[in-house]
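Student: I have a chain open and would like to walk through it with you. Could we begin with the order of its elements and then go on to sheets, cores and rings?

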Amino acid sequence: MGHSARHNDMRSHSDLSNSHTTSADTAAAVTPRRALLVLLAVIALMGVYLVGATRSGGLTAAASTGTITTSSAQPSTTGGVGGPGITVSGTADVAGTPDTLRLDLSVVATAASVTEALAKANGAADAVQKSLLGSGVTKKDLQTSGLSIGPRYDYTNPGAPRLTGFEVSESLSAKLRDLGRAGDSIGKAVGAGGNAVRVNGVSLNLEETGALVSEARGAAFADARTKAEQYARAAGRSLGGVVSVAESVAKPSPISMGGADVLTTAAKVPIQPGSQNVSVTVTVIFSMN
């Protein structure tokens, strides 16, 4: 009996020990799995939280951006391109009479030597200048514009051209501001230089344009305002102040005349200057009330 009891006790202890060992092994095997499941659950919860926070922040940013855009799109209190204003252009042309005649001429002389040819050209040019000065042309309006010296050849025998002398050409430009006397002044100058004179060209120009531009500027602005007022009435609004003004001024170009015509007719009849236009275009931006 005692032996049997001891045997049973030992058996029970052995079973208990085996049971404890199995439980420990089981716990050791389950713990990593549970840890993994817990870790996955935590990661999932964090992901949900981050997605929710991002969505919330995105909506806030979008709403904020929408507010800024709406604010920047509010009408400006200053008129301008794309703003609550009217942009119009006005143009005006004012005619004026040319006040200056530009004379371009030259004297040409030939001689057997350079020295002789230059002396002859200088004498003719000096006579022309004195004549123009005597006709009222000022020294500041008289200018030597060119000088050329070159040999002259006889090409009768193409194989052996023969030097015959030298040619000197002196060019002169003059501004004649008294158009009533211009024809007579040119005729006298040509006569003073004789056959050595060549009239290269004459042009009429309107130089004093200050008063004409001022007049055209006022007329162009008035034209722009008239247009703006018409548009404002059509829109059921009233015209406000001027926001900006830009202008473009077109001055006349010189009117060229043939040199040969002037040479044959200037001494006989007065030169008719005609008229030239000064044009001003303004672009004006008006605000509206």
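Student: In what order do the elements of the protein chain run from the N terminus on?

Tutor: The elements run α-β-β-α-β-β-α-β-α-β-β-α-β, and there are five helices and eight strands in the protein chain. Helices (H or I, at least four residues) and strands (E, at least two) are DSSP runs, numbered from the N terminus. This is a predicted model, in which local features need pLDDT of at least 70 and side-chain atom pairs count only at pLDDT 80 or more, while totals for chains, interfaces and linings use all residues. Residues are numbered from 1 along each chain as its sequence is written, and side-chain values use heavy atoms, with hydrogens and water left out.

Student: What share of the residues counts as buried?

Tutor: Of the 289 residues of the protein chain, 28% are buried, where buried means under 20% relative accessible area, exposed over 50% and partly exposed in between, with a 1.4 Å probe and protein chains only. The accessible surface, computed by the Shrake-Rupley method with a 1.4 Å probe and, for residues, with only the protein chains shown as cover, comes to about 18100 Å², and carbon and sulfur atoms hold 57% of that surface.

Student: And how much of the contacts comes from residues 24 or more positions apart?

Tutor: Such residues account for 83% of the contacts with a separation of 6 or more, a contact being heavy atoms within 4.5 Å.

Student: On to sheets, then: which strands go with S8?

Tutor: Three strands form an open antiparallel sheet in the order S1-S8-S6, and two strands count as paired if DSSP finds at least two bridges between them. Strand S1 (residues 85–96) is joined to S8 by 12 bridges, with Ala92 opposite Val280 of S8. Strand S6 (residues 239–250) pairs with S8 over nine bridges, and among the bridge partners are Ala250 with Ser279 and Val242 with Phe286.

Student: Is S8 itself mostly covered or exposed, and how many of its residues are buried?

Tutor: S8 is mostly covered, with 10 of its 13 residues buried.

Student: Changing topic, which residues have the most contacts inside the largest nonpolar core?

Tutor: That core has 24 residues, and those with the most contacts inside it are Leu101, Leu103, Val107, Val128, Leu132, Leu176 and Ile186; a nonpolar core is a set of buried Ala, Val, Leu, Ile, Met, Phe, Trp, Tyr and Cys residues joined through side-chain atoms within 4.5 Å. Strand S2 (100–111), helix H2 (114–134), strand S4 (162–176), helix H3 (179–193) and strand S5 (197–205) each supply at least two residues of this core, and the largest share, five residues, comes from H3. Apart from this core lies another, of 19 residues, including Ile86, Leu206, Val213 and Val278.

Student: Last topic, how many aromatic pairs are there?

Tutor: The count comes to two aromatic pairs, for which rings of Phe, Tyr and Trp (its six-membered ring) must have centres within 6.5 Å, planes under 30 degrees apart counting as stacked, over 60 as edge-to-face and the rest as tilted. Tyr153 and Tyr155 have ring centres 6.1 Å apart and planes at 50°, so this pair is tilted; Tyr153 is partly exposed at 40% relative accessibility, whereas Tyr155 is exposed at 56%. Phe221 and Phe286 also form a tilted pair, at 6.2 Å centre to centre and 50° between the planes.

Student: Where in the chain do Phe221 and Phe286 sit?

Tutor: Phe221 is in helix H4 (residues 210–234) and Phe286 in strand S8 (residues 276–288), 65 residues apart, and the pair links distant parts of the chain. Phe221 is partly exposed, with a relative accessible area of 26%, whereas Phe286 is buried at 0%.
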